[in-house]
Amino acid sequence: MARVTVEDCIDKVENRFELVLLASHRARMIASGSSILVSRDNDKNPVVALREIAEEKLTPEDLKEDLIHSLQKHVEVDEPEADPVPLLTSQSHVATPDSEVQFDRMSEEDLLRGLDGLVPPTESADDED
């Protein structure tokens, strides 16, 4: 029975620590019921995972992506972007693509003059208690 070693996998995954992480993740996947891509040959799950990596049945990038995905608590779902809502305009003035939309501009002085004209709310009998 041929045993797989770390040296058989090091040319596929150069970092030994990363190799251990990926192989252990794959071994957990096998233990949870994932199908095996090589013959078992009476080997335990970590050895089968290393053999799969050594025989390039799985790419390290796919294993890394799956490992990251399994550790995420919040997974973003790619949703299509909403279509832009057309502007509602009055019937008398219909905006054409070449016409520019203009907004009323108010200076700071005009705003302050408008605020001076406002009367503060009167106090009611309930507020005095």
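Predicted model: local features only at pLDDT ≥ 70, side-chain atom pairs only at ≥ 80, totals over all residues.
Trainee: Which residue does Glu-18 pair with in a salt bridge?
Mentor: The N to O distance for this pair is 2.9 Å, and the partner of Glu-18 is Lys-64. Glu-18 sits in helix H2 (residues 16–31) and its partner in helix H4 (residues 60–71), so the bridge ties together parts 46 residues apart in sequence. Helices here are DSSP runs (H or I, at least four residues), numbered from the N terminus. So the name you want is Lys-64.

Trainee: Is Arg-51 buried or exposed?
Mentor: Buried means under 20% relative accessible area, exposed means over 50%, and partly exposed falls in between (1.4 Å probe, protein chains only). Arg-51 has a relative accessibility of 9%, whereas Asp-41, its salt-bridge partner at 3.4 Å (N to O), is partly exposed at 46%. By those cut-offs, Arg-51 is buried.

Trainee: Which residue joins Asp-41 and Arg-51 in a network of salt bridges?
Mentor: Arg-51 lies in helix H3 (residues 45–54) and Asp-41 in the loop between H2 and H3, so their pair ties together parts 10 residues apart in sequence. The network of salt bridges also takes in Asp-43.

Trainee: Where do Asp-110 and Arg-113 lie?
Mentor: Their side chains meet in a salt bridge at 2.9 Å, N to O. Asp-110 is partly exposed at 37%, and Arg-113 is exposed at 55%. The two are three residues apart, about one turn of the helix, and both lie in H5 (residues 108–116).

Trainee: What is the phi of Glu-56?
Mentor: Asp-41 isn't a glycine, yet it has a positive phi of about 50 degrees. Glu-56 is in the loop between H3 and H4 and counts as exposed at 56% relative accessibility. Glu-56 isn't a glycine either, and its phi is positive, at about 55 degrees.

Terms used
Residues numbered from 1 in each chain as written. Heavy atoms only, no water. Salt bridge = Lys/Arg side-chain N within 4 Å of Asp/Glu carboxyl O.
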